[in-house]
Amino acid sequence: MSYDGFLPFISAQLQYLLNHYPHTIQIEQARSGTRYFPGSLDRFTLLIPYCQDHMKWDVIYNAEFPLAAPDVIFGAEDEDFHPFHVVCGEDGDSRLVKNSLTDWNNKDPTRLLALVIELRDKYRSYQEKRVGEVDDDRLKFEISTIVSREGIEMHMSSGFEKPEEVKFAVPLMDMNINKMVSACPWRHPQKIYLQVIYPVGRKYASAPSAPRLKLMCTPELKALFSIDDVKLPPWLDGMCMAEYLPHLEELLQRLVIEAVTLIDVRRQFIEALAPLLGRPLEADPVFCRKASFLVCSGPFTFMLHVFLSTNFPKQQPSLMLQSTQHFNSLGMPVKSPLITEYPWSPRWETSQMADRISDFLVDESLNFKRHCNESHLQY
């Protein structure tokens, strides 16, 4: 995001927030609220991750009074969330709770980060209190069995036209995935979560229905591991989260370890292509998900892009040919569609996989050359 248009102290606080917040945070809808400084941005919306979703909080500075602390406006569902309310002492006098706003310093670039972290912590406590007050025996029991788990988050959802629900985001597996990946590029720790959603009831049933379950993960982890391909274990009648989670974690640990080992399998495949196609022009050095080669077929020269999924070698690579000599009307190189149908077996040795692709390219390059010539004549 560009910080052009923000006052310098707001820009400094935003940059510090994005660089040091422990999770990925987003900023949108930057705007101005003053007519005296047209073009000066002094308010924006923060998308703050919570319970595997995002809260939208509006942060409003005052460009006309830059020394003042910003206001924060929470979502419509959180009208009862008052994190910095006034409390009464034993003598009956009202007093202000010290917080990140009471000692605000606009010249300190760390202040916005401290404010967001404090507000999020208070919001988490606020939601835990709301969930704890729900009149539902089943939920009370579920909470009692998992309350000792570190990092669990919960959220009470209610509205005029939707039923009450309680959502849990449960971090899974006490393992450092970042350290398992050589030359890991991730700034933030990678985690897998189980999102569990219970409808709020009034009476405990002897065999309550299964909650809605969904596996979720940090976005960057998808370069290594496909959450969407994981088949969740069945939720048996009468089961609770404390019984369900160990089986799920055992499954995920096996799958993550397998995903890490598959990095080397993909690397060996790319290395096996090099003697046949030449040294790659570029290749993904960490996850080995992509490699590009410069290939010659007689006088015709083209690039071959090889895309490898996390399910390789069960799923064969996708291929794309790109001409270095032919361009369309927009001046872009002519490319083939993704090619996914050619001889392949995951049981072949790596060298045989590479040989089969090389053999396939002999005829496919001629077809692509013909397509490039025909495309060139049209323009």
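Contact, on this tour, means heavy atoms within 4.5 Å. Helices (H or I, at least four residues) and strands (E, at least two) are DSSP runs, numbered from the N terminus. The model is predicted: local features need pLDDT of at least 70 and side-chain atom pairs count only at pLDDT 80 or more, while totals for chains, interfaces and linings use all residues. Residues are numbered from 1 along each chain as its sequence is written, and side-chain values use heavy atoms, with hydrogens and water left out.

**Stop 1: two helices**

Select helix 1 (residues 8-20) and helix 2 (residues 111-132), whose axes come within 7 Å and cross at roughly 55°. Axes here are lines fitted to C-alpha atoms, for helices over the stretch in contact, and angles run from 0 to 180 degrees between N-to-C directions. Now show the side chains: Gln13, Leu14, Tyr16, Leu17 and His20 of helix 1 meet Arg111, Leu112, Leu113 and Val116 of helix 2. By class, this contact has 6 nonpolar, 2 polar and 1 charged residues. Ala, Val, Leu, Ile, Met, Phe, Trp, Tyr, Cys and Pro count as nonpolar, Asp, Glu, Lys and Arg as charged, and the others, Gly among them, as polar.

**Stop 2: another crossing**

Go on to helix 3 (residues 137-146) and helix 5 (residues 241-277), with axes that come within 9 Å and cross at roughly 50°. Helix 3 is therefore oblique to helix 5. Pick out Glu142, Thr145 and Ile146 on helix 3, then Met241, Ala242 and Leu245 on helix 5, to see the contact. It has 4 nonpolar, 1 polar and 1 charged residues.

**Stop 3: the domains**

Colour the chain by domain: domain 1 (8-121), domain 2 (134-261) and domain 3 (289-378). These bounds come from an automatic or database domain assignment. The centres of domain 2 and domain 3, taken over C-alpha atoms, are separated by 41 Å.

**Stop 4: lysine 167**

Is lysine 167 buried or exposed? Lysine 167 has 15% relative accessibility, so it counts as buried. Buried means under 20% relative accessible area, exposed over 50%, and partly exposed in between (1.4 Å probe, protein chains only). Find lysine 167 in strand 8 (residues 165-172). Leaving aside neighbours within four places in sequence, its contacts include Cys51, Asp53, Glu153 and His155.

**Stop 5: aromatic rings**

Rings of Phe, Tyr and Trp (its six-membered ring) pair if their centres lie within 6.5 Å; planes under 30 degrees apart count as stacked, over 60 as edge-to-face and the rest as tilted. The count comes to 23 aromatic pairs. In one, the ring centres of phenylalanine 300 and phenylalanine 368 are 6.1 Å apart with planes at 55°, so the pair is tilted. Phenylalanine 300 sits in strand 13 (residues 300-307) and phenylalanine 368 in helix 6 (residues 350-378), 68 residues apart. Phenylalanine 300 is buried at 2% relative accessibility, and phenylalanine 368 is buried at 4%. For an aromatic cluster, select Tyr50, Trp57, Phe74, Phe81, Tyr123 and Tyr126.

**Stop 6: threonine 324**

End in strand 14 (residues 318-327), where threonine 324 lies. Threonine 324 is partly exposed, with a relative accessible area of 33%. Threonine 301 is 23 residues away in sequence and 6.3 Å away in space, C-alpha to C-alpha.

Definitions and conventions
Parallel < 35°, antiparallel > 145°, perpendicular 65-115°, else oblique.
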